[in-house]
Structures are given as C-alpha cells and as structure tokens.
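This report covers the sheet and the salt bridges of the model shown below.

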Amino acid sequence: FFRYPFTLACQYVRVRVCMCVSLMWAVLLCTLALLSTAVNLHLGLHRVLGALPSQEELALLAEAEVSHSGDFLNSWALVAALRPNLSAAFHRASIARSAGVSTELRSGRVGAELLESLLRELSGGLARLREPPCLAALNQSMGIFQLSEEKLAYELKNLPPQQRPFPMPPVRIPRWGSADAGTVRKRNLIFGMSTVPRSRNYLIQTLRSLFAAMTSEVKKSCKVVVLNAAVPPSSHVEASQISQAFQAELGAGLLEVIESSGHTQLRNPRFLKQRWGDSMARVLWRSKHVLDTALVMEHCANQSYDYYVHLEDDVIVAKNAPSRIRTWIDDTLRDRQDWTMLSMYNPSRVRDLEVLKPFNFFGVIGQVLRPSDLFTVVEFMRRNFDESPLDWLFVDLLTKYHGQLVAHTPSLFQHVGWVSSLPGKAQPSHAVDFVEHP
C-alpha cells in the first residue's frame with residue numbers, strides 16, 4: 001500500500017537533486033565564461049590604453065624633432081614601441097623641467113648636451129625597430145597600425161644595426177679630443193663610489209690617489225662622485241673631512257659629495273630574503289651595499305658623461321689611469337657595439353681585450369659602463385637587491401642580458417682595503433698585474 005507512493009517520492013527527489021546540480025554547474029560555467037571575458041576585455045583595454053602616450057611623452061616627442069623631413073613621432077603605436085627605450089630620455093627631461101630648464105628643443109633654449117643626449121636615446125629606440133622581429137611583433141599586436149621599415153627608413157638610414165643584446169642600444173661616442181667631439185661634449189669620465197665607516201678608513205687615501213693620477217687637463221673633463229652612505233651621514237668621520245682635504249677639487253666641480261638618508265627597503269628586515277646561509281646582519285649589509293651602488297649609479301647616469309667608472313673607497317690608482325682608460329677605449333672599442341662592461345681590475349691572469357665569461361666577473365672595482373646602460377643596471381639591482389651580494393648580481397645581470405665583459409691589462413686599480421665594513425669580514429683580493437708607476 002505504501003510502496004508505490006514512496007517510490008514516486010524518491011524519484012521526485014532524485015530528479016530535483018539532478019536539476020539543482022545541473023543548474024549549479026550551468027551557473028558556475030557561465031560565471032567562469034563571464035570572468036574570462038571580463039579579464040580578456042580588461043587586458044585588451046589595458047593594452048590599448050597603456051600604449052597611449054602620456055602628456056609628458058607627447059610633449060617630449062613633439063619637441064624632439066628627429067626627422068629631417070619635419071615629421072614628428074606622434075603615433076601612439078610608435079610611442080608604445082619606443083617607450084622601453086625612452087625612459088632615460090623622459091627621466092632626463094623631467095629633471096631638466098624640475099630644474100627650471102625649458103625643453104623646447106627646436107627653439108634652442110636647451111643646452112647642446114641635453115639636446116644631444118635626448119636625440120641619441122630617441123634614435124636608439126628607433127634602432128630596435130629596424131629588426132624584423134620587432135616590426136612583426138608590433139604589427140601583430142597593433143593590427144590597426146601597420147608599421148613598415150620603409151616608413152622609418154629616413155630615421156634609420158644613418159644608424160648601424162642593433163648588434164648587442166643588452167637592452168639599451170649603444171651610442172657611438174666620438175673619440176676624445178677629436179673634431180667631432182667639438183664643443184658639444186666636454187665631459188669625459190665620471191667616477192662613482194659609495195663609502196661607509198669602517199674600523200680602518202681608506203677614503204681620503206683613495207681620493208688622493210685618484211686625483212694624483214689625473215693631469216690638469218683631464219681634471220677639467222672628469223668628475224668624481226662620492227656617496228656618503230652612512231646613516232646618519234655625520235657618523236662617517238672621514239667623509240666629513242673631505243671638505244677640508246679637497247677644497248680645490250670641490251670648488252672646481254671635480255668632486256661632488258652626496259648623502260643618503262637610508263633605504264626604505266631595509267626598514268623591516270623580516271621581508272628580506274635570507275639566502276646562501278647568510279646571517280641577517282650579513283643580508284642587511286650586502287643589501288645596503290647593492291642599494292648604495294644603485295643610488296650612486298643613478299646619480300651619475302644623469303650627468304651626460306661619456307663613460308662611467310665604478311670604484312670602491314679602498315683602492316689606489318695607477319698613474320694616468322683616466323687618460324689610459326679613454327685612450328684604450330677610443331683605440332680598440334669605440335667602433336664595437338658588443339661590449340657591456342670593461343674590467344680595469346684583474347685578480348687573475350687575463351689577456352688584453354679578452355671576453356670573459358660572466359662567472360669570471362671579478363668585482364665592481366674599476367668597471368666601466370656606458371651611462372645609457374646604467375638605468376638598466378640600477379633597475380636590475382633594485383629589483384634583486386636582497387637576492388645576492390653585489391658581484392653575484394652582476395654575474396646574474398650579464399648572464400640574463402647576454403652582456404659582454406671585456407678585460408683590460410694591466411690593471412689600473414689595486415684593492416688595498418683588507419678591512420671590510422662588515423665586522424669580522426676580510427677582503428684579501430688584489431690585482432695580480434697592477435703597476436702603479438708604469
């Protein structure tokens with residue numbers, strides 16, 4: 001009597017459960033489809049809107065007339081393609097604006113050095129578009145704007161093909177003292193170093209050795225930047241003595257001392273990566289060293305010198321080292337675009353002009369870079385400041401960006417600071433082929 005109604009009830013419940021489960025799956029699938037559509041739409045809009053030039057970019061590109069025919073680079077697609085290469089130009093233009101310098105380049109109210117550096121960086125961005133893969137990628141991503149190499153032929157006819165894989169395309173720098181250097185560029189080498197107090201300080205000795213290696217003529221075309229990275233800066237007693245020991249150099253603009261107020265990345269050590277078995281004290285020390293180096297490099301990159309030379313505050317310098325560096329570059333490497341860094345410090349035996357493997361990087365003493373490359377180096381170091389010690393980061397940089405490290409012999413700098421700024425750490429490395437008075 002009760003069996004048949006009970007069976008009907010079970011079948012009814014089963015049907016209702018199946019309908020509910022099916023409805024739930026349908027709602028879930030519809031939700032996922034809508035979410036996917038929304039994400040794709042967002043990415044598409046971000047891609048298009050992100051490619052639109054900002055007001056600063058439009059202003060700078062309108063001011064920098066790189067075409068002989070009078071056309072301006074005002075296409076939003078072209079701006080999007082050039083944007084990775086124009087960061088240095090925009091940064092330099094913003095600095096000029098903040099300093100009260102007009103950037104209306106065509107009206108001639110900007111110094112020749114700023115004009116030249118901006119145009120070279122703009123041309124460097126165009127040079128990358130010469131490669132077919134860049135053109136194809138741009139055409140594929142910007143289907144509504146078909147870019148052809150012929151369209152840019154008038155911009156590229158005097159530019160060499162891009163040969164080295166380092167992100168910032170190199171610029172052919174005139175030979176020092178030649179007619180093409182002329183009155184446009186009178187800035188040769190800029191030296192940068194950071195300094196912190198230690199139980200035995202070498203800073204004054206290093207600066208005296210560096211200035212003694214310069215002739216009076218070379219001093220007119222070079223600059224030395226010292227970053228007092230002590231926190232607070234007044235705790236570095238020897239750095240505070242620079243104003244008395246080098247009054248003439250400071251007054252002539254040969255020497256500049258800058259200070260650091262600390263790094264926000266180091267305020268909470270809990271967020272630092274503790275790798276390689278290092279104690280937290282050592283992680284803090286090497287992370288600060290990386291950030292200090294990035295700070296002094298960034299400062300020097302914005303001063304329009306031909307080459308940047310990085311030093312430590314505990315070296316002695318070979319006689320006429322600045323002149324020998326520039327002569328060697330002009331004679332052997334000026335027409336080569338494949339090098340990224342030049343090593344003037346060799347703790348092991350190498351041959352002159354030998355291309356070294358990245359893992360043969362010997363440290364940051366006496367490393368020569370193009371100022372245009374410093375922006376990439378600074379960005380890489382700040383992104384990975386707590387990953388590894390500074391010299392290991394340079395190994396990673398050269399490896400990931402396929403950079404070339406070229407050696408110079410003999411060494412022009414000798415490391416003398418065996419007492420490290422990290423308590424209990426010794427640094428016994430030294431150059432094997434250094435001759436102070438050749």
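## Sheet and salt bridges

Strand 7 and strand 9 (residues 405-407) pair in the antiparallel sense, over two bridges. Strands here are DSSP runs of E with at least two residues, and helices are runs of H or I with at least four, both numbered from the N terminus; two strands pair if DSSP finds at least two bridges between them. Within this pair, L356 stands opposite L405 of strand 9.

This is a predicted model, in which local features need pLDDT of at least 70 and side-chain atom pairs count only at pLDDT 80 or more, while totals for chains, interfaces and linings use all residues. Residues are numbered from 1 along each chain as its sequence is written, and side-chain values use heavy atoms, with hydrogens and water left out.

The open sheet has eight strands in the order 3-2-1-4-8-6-9-7, with mixed pairing. Strand 3 and strand 7 (355-356) are at the edges with a single partner strand each, so one side of each has no neighbour in the sheet. Helix 13 (residues 321-332) lies across strand 1 (189-195), strand 4 (307-310), strand 6 (341-343), strand 8 (367-369) and strand 9. Its direction is at about 125 degrees to strand 1, where axes are lines fitted to C-alpha atoms, for helices over the stretch in contact (heavy atoms within 4.5 Å), and angles run from 0 to 180 degrees between N-to-C directions.

The structure holds 14 salt bridges, each a side-chain nitrogen of Lys or Arg within 4 Å of a carboxyl oxygen of Asp or Glu. The table gives some of them.

| Pair | N to O distance |
|---|---|
| K223 and E256 | 2.8 Å |
| K273 and E387 | 2.4 Å |
| D278 and R286 | 2.8 Å |

K223 forms a salt bridge with E256. K223 belongs to strand 2 (residues 223-228) and E256 to strand 3 (residues 255-259), so this pair ties together parts 33 residues apart in sequence. K223 is buried at 13% relative accessible area, and E256 is partly exposed at 21%; buried means under 20%, exposed over 50%, and partly exposed in between (1.4 Å probe, protein chains only).

K273 and E387 also meet in a salt bridge. K273 is in the loop between strand 3 and helix 12 (280-301), and E387 is in the loop between helix 14 (371-383) and helix 15 (390-400), so the pair ties together parts 114 residues apart in sequence. K273 is partly exposed at 41% relative accessibility, whereas E387 is buried at 15%.

In the D278 and R286 pair, D278 is buried at 13% and R286 is buried at 3%. R198, D313 and D314 are linked in a network of salt bridges.
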